[in-house]
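Hi,

Here is the structure I promised to pass on. Have a look first, and my notes follow below.

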Amino acid sequence: MGRQGLQVETMEKEAVDWATTYRKRLAEVEDAIAAACRRAGRAPQEVRVIAVTKYVGPERLGDLLAAGLRELGENRWQQAREKLMRPEAGAATWHFIGRLQKNKVKAVVRHFAWIHSIDSVELGTFVAAQAAAAGREVNCLLQVNVSGEATKAGLPPEEVSAAAQALVRLEGIRLRGLMTMAPVTDDPESVRPVFAALRQLRDEVRQQLGDPAFSELSMGMSDDFPAAVAEGATMVRIGRRLVG
Ligand SMILES: *Cc1c(COP(=O)(O)O)cnc(C)c1O
């Protein structure tokens, strides 16, 4: 085979291998989740993997779906839009996980089944109004700044209960639980108290609301998801480990 032929063959191979690569990485992540669940006495089915696809372009969407990824997370509307325009986008459930600007809400509620980043009563009320106007019901999580870092988005923990009470009965949204981002650290075990605090807060607010559907804990990313699973995560948002 000539040099040209070899090159073409190599390129084709790379093209078909993305789905395999994603599938392998997903299997590794699922193994790690299963191990963390075993140690914590949880069932692995309690944990959903949200693949954060912000690192890849829209041309990879088919490979992500072929790898078995069905729950996809994006943190910016502009980037998400290109993927959502593709015909295969309807096969996935979309999660909006980033800071949400008001002027993007109308578009976001039309395409995303979940919003993880409601960080004020004002934003939640606005999302609810836009969703109701569009005849939609969007699953929403309140983002909590557990660690209190100034650079982090999210409600202070002490404001979460009041915010949940203010939003729980609005048409257009369904309050489903809490989300947090742990501080960046070299030692994931050191952030376990952050995850444990979010779980406690979820338990308290669920009881106050008397709503068993307020059950989700979106916490854990590539570097810290086993610790989050050990503390009760029901959704882990994984980017680099899957598609980086
Ligand atoms: C990018 C991002 C993630 C995924 O982070 P990785 O470290 O790449 O796994 C999770 N949550 C949010 C809000 C993000 O923006």
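Where does UniProt place the feature "modified residue: N6-(pyridoxal phosphate)lysine"? The unreviewed entry puts it at Lys54; UniProt positions follow the numbering used here, feature names are shortened, and annotations may be inferred rather than shown by experiment.

Before going on, a word on the source: this is a predicted model, where local features need pLDDT of at least 70 and side-chain atom pairs count only at pLDDT 80 or more, while totals for chains, interfaces and linings use all residues. Residues are numbered from 1 along each chain as its sequence is written, and side-chain values use heavy atoms, with hydrogens and water left out.

Back to Lys54. It is in the loop between strand S1 (48-52) and helix H2 (61-66); helices (H or I, at least four residues) and strands (E, at least two) are DSSP runs numbered from the N terminus. Its relative accessibility is 28%, so Lys54 counts as partly exposed (buried is under 20% relative accessible area, exposed over 50%, partly exposed in between, with a 1.4 Å probe and protein chains only). Leaving aside residues up to four places away in sequence, Lys54 touches Gly73, Glu74, Asn75, Gln79 and Lys83, a contact being heavy atoms within 4.5 Å.

Lys54 turns up again in the largest pocket: of the 26 lining residues, Lys54, Asn75, Ile97, Gly98 and Arg99 lie nearest the centre. (On a 1 Å grid over the protein atoms alone, a pocket is an open set of points where a 1.4 Å probe fits, with protein on both sides within 12 Å along at least five of seven lines; lining residues have an atom within 4 Å of a point.) That lining divides into 10 nonpolar, 8 polar and 8 charged residues, with Gly counted as polar and Asp, Glu, Lys and Arg as charged. The pocket's volume is about 520 Å³, taken as the space filled by probe spheres set on the points. The second largest pocket comes to about 180 Å³, and its lining has 7 nonpolar, 1 polar and 4 charged residues.

Then there is helix H6 (residues 160-167), whose buried residues are Val160, Ala163, Ala164 and Leu167. Seen down the axis of H6, these fall within an arc of 100°, so they line one face of the helix; the arc uses directions from the helix axis to the C-beta atoms. Their cover includes strand S4 (114-118), helix H5 (121-133) and helix H7 (192-209). Ala162, also in H6, counts as exposed because its relative accessibility is 52%.

Cheers
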